[in-house]
Amino acid sequence: MSESHSKAADNAAYCAQLVRDHDFERYATTLFVSQHLRRPLLALAAFNVELSRIRDHVSQPLTGEIRLQWWRDLIDDVARGSVEASPVAAELMAAVAEYDLPRRDLSRLADARVFDLYDDPMPSLAVFERYCDDTAGRLFALSAQILGAAPDAVADAVHHAGVAQGIAEAIENLPLHAARKQLYLPQDVLAEAGAMEADIFAGRPTPQLTAAIGGLAVVAREHLGKALFLLREQKGEAARAFLPLAVVRRALSHDSLATGNPFTSQSISRLRMLWTMWRATKSDAFRG
């Protein structure tokens with residue numbers, strides 16, 4: 001094996017391990033697609049992991065903004081010499097070139113992550129839905145393109161899938177976000193239910209917060225239903241890009257949300273996640 005091929009293999013292995021460690025849901029998704037398509041999907045997921053973990057590695061938002069700008073420059077082909085310095089960057093740009101991935105979608109994802117760096121609350125459900133579309137939605141869109149979907153053919157499904165997953169993740173990650181004084185639950189939804197930020201940041205479960213989360217779950221289930229309906233028309237392997245929706249459906253079920261304490265983690269085991277996705281591959285929406 002040549003030195004360049006060895007380096008590329010190391011980069012691919014690095015991305016796979018990064019995603020396996022920090023985003024097992026998307027790692028698991030790649031196990032249900034053709035083997036030659038796993039590598040670009042893992043590169044894309046590794047890119048998202050890098051962006052989502054920036055806040056964990058910086059002490060000031062400005063430092064995080066500088067890191068995001070590095071990724072923007074890379075996407076815009078300004079920082080050509082920086083690719084070799086990062087296994088994720090090298091794998092991502094190889095996937096962009098091979099699958100003609102739209103750089104504007106990658107830029108939207110990076111731009112949206114600025115919100116993660118600060119403690120400003122999410123002002124409204126409309127703004128939150130745009131955030132979900134720019135993050136989870138872009139990952140669905142880019143993954144589906146790698147798997148052969150025409151962007152226009154899955155655009156509506158992508159939007160609804162992104163919002164459903166984004167809301168589910170905000171509910172699941174509430175304990176983490178509350179502990180570091182971040183608020184992804186929209187202020188207008190909280191205000192309508194009478195939920196107080198002080199209670200959330202103190203980790204106090206209240207009936208008002210339960211009502212707000214219940215209202216968000218209703219919105220998420222509506223988007224999920226629309227996405228799954230649209231995916232029944234999607235032919236080929238591209239439908240497998242949306243397999244995380246099987247986990248979202250489970251997370252948004254009434255049983256999963258019935259604990260009464262939103263600060264108790266509801267994450268499922270890796271084995272259960274794999275089983276949930278495997279079951280989903282037998283359904284019309286994900287059969288491909």
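Trainee: How many cavities of 30 Å³ or more does the count come to by this rule?

Mentor: This is a predicted model, in which local features need pLDDT of at least 70, side-chain atom pairs count only at pLDDT 80 or more, and totals for chains, interfaces and linings use all residues. Residues are numbered from 1 along each chain as its sequence is written, and side-chain values use heavy atoms, with hydrogens and water left out. The count comes to one cavity of 30 Å³ or more, where a cavity is a set of points, on a 1 Å grid over the protein atoms alone, at which a 1.4 Å probe fits but cannot get out.

Trainee: What volume does the largest cavity have, and which residues line it?

Mentor: Its volume is about 140 Å³, a volume being the space filled by probe spheres set on grid points that are joined across faces, edges and corners. The lining, meaning residues with an atom within 4 Å of a point, includes R26, T29, L41, F140 and P244. Two or more lining residues come from each of α2 (24-30), α3 (35-52) and α10, helices being DSSP runs of H or I with at least four residues, numbered from the N terminus, while strands are runs of E with at least two.

Trainee: Which elements each supply at least two residues of the lining of the second largest pocket?

Mentor: They are α7 (103-112), α10 (136-146) and α11 (151-172), and α11 gives the most, with five residues. A pocket, unlike a cavity, is an open set with protein on both sides within 12 Å along at least five of seven lines. About 170 Å³ of space lies in the second largest pocket, and of the 14 residues that line it, the closest to its centre are D105, R138, A141, P151 and A155.

Trainee: Why does the radius of gyration of the protein agree with that of a compact globule?

Mentor: The rule, 2.2 Å times the number of residues to the power 0.38, is compared with a radius taken over C-alpha atoms. With 288 residues the rule gives a value near 19 Å, and the protein has 19 Å, so the two agree.

Trainee: What percentage of the 288 residues is buried?

Mentor: Buried residues, those under 20% relative accessible area with a 1.4 Å probe and protein chains only, make up 51% of the 288.

Trainee: How many helices and strands does the secondary structure come to?

Mentor: By the DSSP runs already described, the protein has 17 helices and zero strands.

Conventions:
Buried < 20%, exposed > 50% of the residue type's maximum accessible area, 1.4 Å probe, protein only.
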